[in-house]
Amino acid sequence: MTNLDPNDTPCEGKKDGLPPIARRSILLVGLGLLAGCATTGSKSVRMPGPLWPDAKLFTPTAPVAPAAPLAPARVLAGVIPRSAWTKGTPQLDNIDPMLPVRWITIHHDGMTPFLATDYASCVGRIELIRNGHRGKGWADIGYHFIVDRSGRVWEGRDLRYQGAHVKDQNEGNLGILCMGNFDQQTPSLAQLVALDRHLRLCMVKYKVKASQVRSHQEWASAKTACPGRNLQSKMNGIRRAIA
Ligand SMILES: [Zn+2]
């Protein structure tokens, strides 16, 4: 389930869960303190001068280093990198590093039914989901991979970062979204084949057993119908196939 589902709230106290307004408040308080210091200094207490005699002549001895660029995304074979669908980058002060993968969780997006298979429509849908998650104060799209109806697999959140897709259970949990609403439509064969293939890749790479592959609703903390009855009904078959 995606941004429309309040049950998708990630771990409380985790960085992704901190609402932007709280961060803004902290920032404003910080700015207020700075402003307060400056005001006091100018009115009553003479603030010490700068360490250098003439600020205008001061030049730093070393250039200020730019923010470190993101390392190349860690994608698996056949996965379309996120640079293909977004220019957006994760909010790095609001994201946790990924721990070793112990779980894989399957979702649907749970929005309006989606039958499109063309590249542009899929890009639009993924960006819509990302914007929804960012609007909730999350650092980025919550899922690590997205499988569309034509069988493409897209990189979502960079796997260097913990996802935001199962309440209280995001540590070491790799999230895979199947695009569509499977309470109202069925997954396509191409989508199921791609999901199966991608699950196998992830399981081999991260040494995850079939018993550690769950749907969203199989997490007790989740309280959600995700990934919809028409995908949930296939979960046992998926696990048997990949075991
Ligand atoms: Zn879900």
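Predicted model: local features only at pLDDT ≥ 70, side-chain atom pairs only at ≥ 80, totals over all residues.
Colleague: How many helices and strands does the protein chain have, and in which order do the elements run?

Modeller: Its secondary structure comes to five helices and six strands. From the N terminus on, the order is α-β-β-α-β-β-β-α-β-α-α. Of contacts between residues at least 6 apart in sequence, 76% join residues at least 24 apart.

Colleague: What share of the residues is buried?

Modeller: Buried residues account for 33% of the 243 in the protein chain.

Colleague: How should I read the largest nonpolar core, and which residues have the most contacts inside it?

Modeller: In soluble globular proteins, nonpolar side chains tend to be buried together. Here the largest nonpolar core has 27 residues, and those with the most contacts inside it are Ile104, Phe145, Ile146, Val147, Trp154, Ile176 and Cys178. At least two core residues come from each of strand 2 (103-108), helix 2 (119-135), strand 3 (145-147), strand 4 (153-155), strand 5 (173-178) and helix 3 (189-206).

Colleague: Which residues does isoleucine 146 touch?

Modeller: Leaving aside residues up to four places away in sequence, isoleucine 146 touches Ile126, Trp154, Gly156, Leu177 and Met179.

Colleague: At what angle do the axes of helix 3 and helix 5 cross?

Modeller: The axes of helix 3 and helix 5 (residues 235-242) come within 10 Å and cross at roughly 50 degrees, so the two helices are oblique to each other. Their crossing is right-handed. Helix 3 contributes Asp196, Leu199, Arg200 and Met203 to the contact, and helix 5 contributes Ile238, Ala241 and Ile242. By class, this contact has five nonpolar, no polar and two charged residues.

Key: Residues numbered from 1 in each chain as written. Core = buried A, V, L, I, M, F, W, Y, C linked by C-beta atoms within 7 Å. Buried ≥ 20, exposed ≤ 12 C-beta atoms within 10 Å, placed from the backbone. Helix = DSSP H or I, 4+ residues; strand = E, 2+ residues; numbered from the N terminus. Contact = placed C-beta atoms within 7 Å. Axes fitted to C-alpha atoms, helices over the stretch in contact; angles between N-to-C directions. Parallel < 35°, antiparallel > 145°, perpendicular 65-115°, else oblique. Left-handed = near helix turned anticlockwise from the far one by under 90°. Nonpolar A, V, L, I, M, F, W, Y, C, P; charged D, E, K, R; others polar.
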